[in-house]
Amino acid sequence: MTTWRAEAPGDRMRVGPVGIAIATLRGGVLGAVTYGGLALLLAIRLVERPFAGQDRPVSPHVTRIVCRAALGIIGLRFRVEGTPMQDHGAIVANHASWLDIFTLNACQCVYFVSKSEVAGWPGIGWLARATGTAFIARDPRAAKVQQELFADRIRAGHRLLFFPEGTSTDGRRVLPFKSTLFAAFHDHGLEHEMRIQPVSVLYRAPEGQSPRFYGWWGDMAFAPHLLKTLAQPRQGSVEVVFHPPVRVDAFASRKDLARHCEEEVRARIKSALGTDYGT
């Protein structure tokens with residue numbers, strides 16, 4: 001019998017004909033909903049942009065609805081604890097998987113901060129640009145321009161979401177938060193008018209699978225991980241925990257702010273999943 005194999009470091013899962021059939025069905029529906037939603041979003045932006053400019057009063061709600069539908073299509077059970085903030089500011093979260101994009105968009109209307117390379121990725125890049133992602137370059141010389149970009153977006157009422165770890169993990173750990181992006185919030189007077197909300201994202205694997213089932217990290221290829229996820233007959237769950245927002249000007253430096261957010265996120269991951277590494 002011919003099977004497809006989806007592999008991760010330390011894990012191996014064989015995807016047989018039944019799994020391929022499930023993945024094909026889910027993938028087809030997921031693609032139709034995602035790109036159908038994209039077409040609707042772009043149509044709304046044609047009307048929205050001349051009247052609202054950088055503000056997006058309607059189109060982000062399309063993204064949220066599509067992402068909630070995507071989790072249902074995949075079969076991933078979804079739970080939210082805490083309250084997403086409504087103030088001007090930014091959200092910072094741990095990063096475990098490509099699934100984070102659907103999961104965090106499903107909770108509230110946000111705009112992701114992503115590395116500039118993503119803008120050129122086939123398929124994903126189009127979605128990212130259409131949904132208002134803020135792209136940043138990994139170049140210290142661009143830091144001032146990026147600070148101005150963040151300031152403009154936040155003053156337009158956008159809540160930005162970024163992953164301070166700088167990379168994704170296996171979902172069982174939290175890496176040290178890099179303080180570089182936090183610098184943008186200690187400039188342009190933003191520290192006196194905005195808040196930062198730490199968020200913990202916790203994935204629980206399907207019964208009988210590795211605890212790292214949903215983690216996508218290192219040099220893992222996207223296609224096999226997508227196949228493995230879509231082929232799983234009965235999925236696990238994801239919990240998104242919104243911690244209390246904090247005022248930026250309550251911290252003396254960006255490093256203190258980054259450390260506080262990291263500690264909040266790590267403490268919840270540790271208590272919920274029983275992990276104690278990654279510091």
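Predicted model: local features only at pLDDT ≥ 70, side-chain atom pairs only at ≥ 80, totals over all residues.
Me: Why is S179 called buried?
Reply: The relative accessible area of S179 is 12%. S179 is located in the loop between β7 (160-162) and β8 (195-204), and its contacts, leaving aside residues up to four places away in sequence, are R254, K255 and A258.

Me: What makes the pair R45 and E48 a salt bridge?
Reply: The closest N and O atoms of R45 and E48 are 3.0 Å apart. A salt bridge requires a side-chain nitrogen of Lys or Arg within 4 Å of a carboxyl oxygen of Asp or Glu, and therefore the pair R45 and E48 qualifies. These two residues are three residues apart in helix α1 (residues 17-52), about one helical turn.

Me: How do you know whether R45 and E48 are buried or exposed?
Reply: R45 has 11% relative accessibility and E48 has 6%. The limit for buried is under 20%, so R45 and E48 are both buried.

Me: Why is D256 called partly exposed?
Reply: D256 has a relative accessible area of 30%. Buried means under 20% and exposed over 50%, with partly exposed in between; therefore D256 is partly exposed. R259, its salt-bridge partner at 2.9 Å (N to O), is likewise partly exposed, at 42%.

Me: What makes R266 and E262 a salt bridge?
Reply: Their closest N and O atoms are 2.6 Å apart, and the cut-off is within 4 Å, so the pair R266 and E262 qualifies. R266 and E262 lie four residues apart in helix α7.

Terms used. Residues numbered from 1 in each chain as written. Heavy atoms only, no water. Buried < 20%, exposed > 50% of the residue type's maximum accessible area, 1.4 Å probe, protein only. Contact = heavy atoms within 4.5 Å.
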